[in-house]
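Subject: Structure for your review

Dear colleague,

Please find below the structure that I am handing over to you.

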Amino acid sequence: MFTRRVGAVAAMALTTLILTGCGAPPWETTGSTTAPTTSSTPRPTISTEVNELASGNAVHSIAAGDVALTATYWSTLGMDQWKTSAQKPLSFSISGTLGTDDGQQVYLSRVSLAAEVTGPDGPLESPQTITDTSTINPGYLIKAPYSYSQTFIIPAVDPAATSIVFTLTYEILVQATPTSAEYAKQTAVDTLTVTVVPETLPDAEG
């Protein structure tokens, strides 16, 4: 399970000096010394892609006013099959609780998913935003233990793509009182990063 609050990627280089024999180390010997030489050979750059679904699913905590939301993301398609040309299902479920709970209900009136596609050289053309608007007034009940679940299909993207950053916008309605027909609107925004498998391979060096 991947729990998102702060993401960090670190690369560490470790240089080990191996000493042989039982004599004193070179810097303690007497006599002439030779200035150390430095190598101009550039060190390789390590590039890593973040994939929040690499472990199977990702659970995010989101605040929307007095509502605490819990969103879980997963895919029924293996990550090794998230190819740029594939139809890629992204499933998610969301539920909420109230900080000050007097018995009001919490509803999801609308959710939208935007995708930002990126390749080795920067941003690429992205698919259109996907939206689900509730057909039930005032919305889908998501106050725990109830939840809203959905699967959006991500269409084929540029063959050179390496990752997609999803931005999900949840529009929440909170009942003013347990018997009220008036609602307060809150908007919660969440992001999810998933890698994709490029269809093109780097040119082989001769």
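Basis of the values

The model is predicted, so local features need pLDDT of at least 70 and side-chain atom pairs count only at pLDDT 80 or more, whereas totals for chains, interfaces and linings use all residues. Residues are numbered from 1 along each chain as its sequence is written, and side-chain values use heavy atoms, with hydrogens and water left out. Helices (H or I, at least four residues) and strands (E, at least two) are DSSP runs numbered from the N terminus.

Polar side chains

Asp190 is found in strand 11, which covers residues 183-195. Its relative accessibility is 3%, so Asp190 counts as buried; the term means under 20% relative accessible area, with exposed meaning over 50% and partly exposed in between (1.4 Å probe, protein chains only). The side chain of Asp190 makes a polar contact of 2.8 Å with the side chain of His60, and another of 2.7 Å with that of Tyr73. A polar contact is here a pair of N or O atoms within 3.5 Å; within protein, one must be able to donate a hydrogen and the other to accept it, and residues adjacent in sequence count only if both atoms are side-chain atoms.

His60 belongs to strand 2 (residues 57-64) and is buried, because its relative accessible area is 0%. Its side chain also has a polar contact of 2.8 Å with the side chain of Glu52. The C-alpha atom of His60 is 9.1 Å from that of Leu192, a residue 132 positions away along the chain.

Nonpolar core

The largest nonpolar core has 36 residues, of which Leu69, Phe166, Tyr170 and Ile172 touch the most other members. Two or more residues each come from strand 2, strand 3 (67-74), strand 4 (88-98), strand 5 (106-119), strand 9, strand 10 (163-175) and strand 11. Such a core is a set of buried Ala, Val, Leu, Ile, Met, Phe, Trp, Tyr and Cys residues joined through side-chain atoms within 4.5 Å.

Leaving aside residues up to four places away in sequence, the contacts of Ile172 (heavy atoms within 4.5 Å) include Val67, Leu69, Val106, Leu108 and Ala184.

Aromatic pairs

Across the whole structure there are 7 aromatic pairs. Rings of Phe, Tyr and Trp (its six-membered ring) pair if their centres lie within 6.5 Å; planes under 30 degrees apart count as stacked, over 60 as edge-to-face and the rest as tilted. For Phe92 and Tyr148, the ring centres are 6.1 Å apart and the planes stand at 50°, so this pair is tilted. Phe92 in strand 4 and Tyr148 in strand 9 are 56 residues apart, and both are buried.

Phe92 also forms an edge-to-face pair with Tyr170, at 6.3 Å centre to centre and 70° between the planes. Because Phe92 lies in strand 4 and Tyr170 in strand 10, this pair ties together parts that are 78 residues apart in sequence. Ring pairs join Tyr73, Phe92, Tyr140, Tyr148, Phe152 and Tyr170 into a cluster.

Cis peptide bonds

Asn137 and Pro138 are joined by a cis peptide bond with omega of about 5°; Pro138 sits in the loop between strand 7 (130-133) and strand 8 (140-141). The bond from Ala144 to Pro145 is also cis, with omega near 15°, and Pro145 lies in the loop between strand 8 and strand 9 (148-154).

Yours sincerely
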